[in-house]
Amino acid sequence: MTLPKVAYFSMEMALDQSLSTYSGGLGFLAGSHMQSAGYLGMPMVGVTFLWSYGYYDQRIDQNNNVEVAYVRKHYDFLTDPNITVDVDIFGQNVKVKAFRVEPKLFGTCPIYLLTTDIPENPEEMRKISHRLYDGNEKIRVSQEIVLGIAGVRVLLAAGYKFDVLHMNEGHALPAAFELLRMYNGNLDKVKEKTVFTTHTPVAAGNEVHKVDLLHQAGFFAGASRETAVRLGGEDFSLTVAALRMSRIANAVSQLHGLVANKMWEWVDGKCPITAITNAVNLHYWQDTRIRDAKGFDDLLNAKIEMKKELFKYVSSQTGKMFDPNVLTITWARRFADYKRAWLILMDRDRISKLLNENKIQLIFAGKFHPDDTMGREMFNKILHQSCELKNVVVLPNYELELSALLKKGTDVWLNTPLRPFEASGTSGMSANMNGAIHLSIYDGWTVEGTFNGINGYSVEYPGLDDDIPWEERHWKDHEYIMNVIENDIIPTYYNNKDKWAYLMRQAIRISEGYFNSDRMVIEYYNRLYRPIAHRNSSNPEYDDAELQSGTDANLDAWTYSNIK
């Protein structure tokens, strides 16, 4: 059977440092998906945005506080396929131009980048593609309309007849409504063609907007308000509607699959939610020195070399000189409160003792959403502490190149989310691929891939899921982490190099064997994409010939009872 042609829609994709089309983990994941699809030769294209100012540039000002800066990006390596489509947004006709990332550029499948920042549009519409995850609600909604509706129209204009539309998070939901329009309101046909990935149980990651705002914006591609309410509610939930408009959905780790099914069990008419664990691209993330290391000595020597390279960068950014022979622990990811960057610093005296005795060195890095005052405050507090504490640094502008440098030059990769809010997390996977040991809360992919004393350490204790106050949970997690560092990690690192090298080797093997996105993409094809394509090919009722421009005549010719 011919493999189905897949169109993968994502608001962000991290393909290369030179292309600012991502903010963090969701983009890193999407980038790995595109890289593995290209590497494996799968019939897939990506659809995302060409952000004029990226997410934002993160800097430290003269008062030692973080600042957000926006710098316009200029690219001369993208292909212009001469495709421009129209889409209606808040009653205005908006031109959306497409550029294309050719496979040979970054080793991906073909990817279409969308922009409204062209002279044909008025200034307010050009702003739609200025900043990723703009804090203005109307702009944010407009971005989702462009991604979904204009994205489908670009692919059709390019002659790409996809069998499966994959919505990577709810941002792409207007694409499903565009299919509903094109299929004359037949939801069953939309569902046969659509799959959906949900990435987080955190409320902020599951967008809700007033249905009237979305209807006014053109989010529903001509569907009536009544139709929209049946699918997503008066307070319209993108996730709920996506679950009702897809044939199948997936969570991004096995634990997240349990959490997501429990979280959305109240949704009538939702599709099944399975679980496909996230992964990262081995070919992109793993250093060749790790790949080529033959024995334990080679492995340990490679790590020392990579630490020296990282510490050269650290000194250039902070003025602090780190020692490659000292155990180095890194916390690097999005600065969101539930990820608890501050957890290891809760007991100032206890952590100071280890720092002052040169037992450990600590590195922090990550970005917060520019409108997240709590995330900004968290970053600044740790930044200020780094000036007072020995062997602690905070590195700004955490993007692809710094991420790679940290994962290669780190001994222990620290992950401290408040369970069960970390759906998957992927940074520890690419750290493992470079011989960094994972020390993590028992959440997300850690449940499947971190085994105590074999390839890393996870925070597990009786009462892990007891209903206790968060402050008490923070202290229990902190105490466990510090005990592991003091009683297991430090003695092993300094006194038993063979055991440490063994942990490194096992971390590498397990990440290579299962947390490589080549496995993930194959699993998506076998568990999400191919079953839908089989249904389409075996039932003439769902032939692609019916996917035409469509009319709105029968758009509401179904009732709530038809949502299956």
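Predicted model: local features only at pLDDT ≥ 70, side-chain atom pairs only at ≥ 80, totals over all residues.
**View 1. Strand order in the nine-stranded sheet.** The nine strands form an open sheet with mixed pairing, in the order S5-S6-S7-S2-S1-S8-S9-S12-S13. Its edges are taken by strand S5 (79–89) and strand S13 (273–275), and because each of these has a single partner strand, one side of each is left without a neighbour in the sheet. On average, and with direction ignored, neighbouring strands of this sheet are turned by 25° against each other.

**View 2. Pairing of strands S2 and S7.** Strand S2, made of residues 44–49, and strand S7, made of residues 111–115, run parallel and are joined by four bridges. Within this pairing, Val47 has Tyr112 of S7 as its bridge partner.

View 3. Arg519 belongs to helix H21, which covers residues 517–538. Its relative accessibility is 16%, and because a residue counts as buried under 20%, Arg519 is classed as buried. The side chain of Arg519 reaches two backbone oxygens, that of Thr277 at 3.1 Å and that of Tyr514, which lies 2.8 Å from a polar atom of this side chain. When neighbours within four places in sequence are left aside, Arg519 is in contact with Ile276, Thr277, Asn278, Ala279 and Tyr514.

**View 4. Strand order in the six-stranded sheet.** A further open sheet has six strands with parallel pairing, arranged in the order S16-S15-S14-S17-S18-S19. Strand S16 (392–395) and strand S19 (456–459) stand at the edges, and since each has a single partner strand, one side of each is left without a neighbour in the sheet. From one strand to the next, the twist averages 20°.

**View 5. Pairing of strands S17 and S18.** Strand S17 (residues 412–415) runs parallel to strand S18 (residues 437–441), and four bridges join the two. Trp413 has His438 as its bridge partner in S18.

View 6. Helix H13, residues 296–318, lies across strand S14 (327–332), strand S15 (360–365) and S16, and runs at about 80° to S16. Helix H16, residues 400–409, lies across S14, S15, S16 and S17, with a direction at about 160° to S15.

Terms used
Residues numbered from 1 in each chain as written. Heavy atoms only, no water. Pairing = 2+ DSSP bridges. Axes fitted to C-alpha atoms, helices over the stretch in contact; angles between N-to-C directions. Buried < 20%, exposed > 50% of the residue type's maximum accessible area, 1.4 Å probe, protein only. Polar contact = N/O pair within 3.5 Å; in protein donor to acceptor, adjacent residues only side chain to side chain. Contact = heavy atoms within 4.5 Å.
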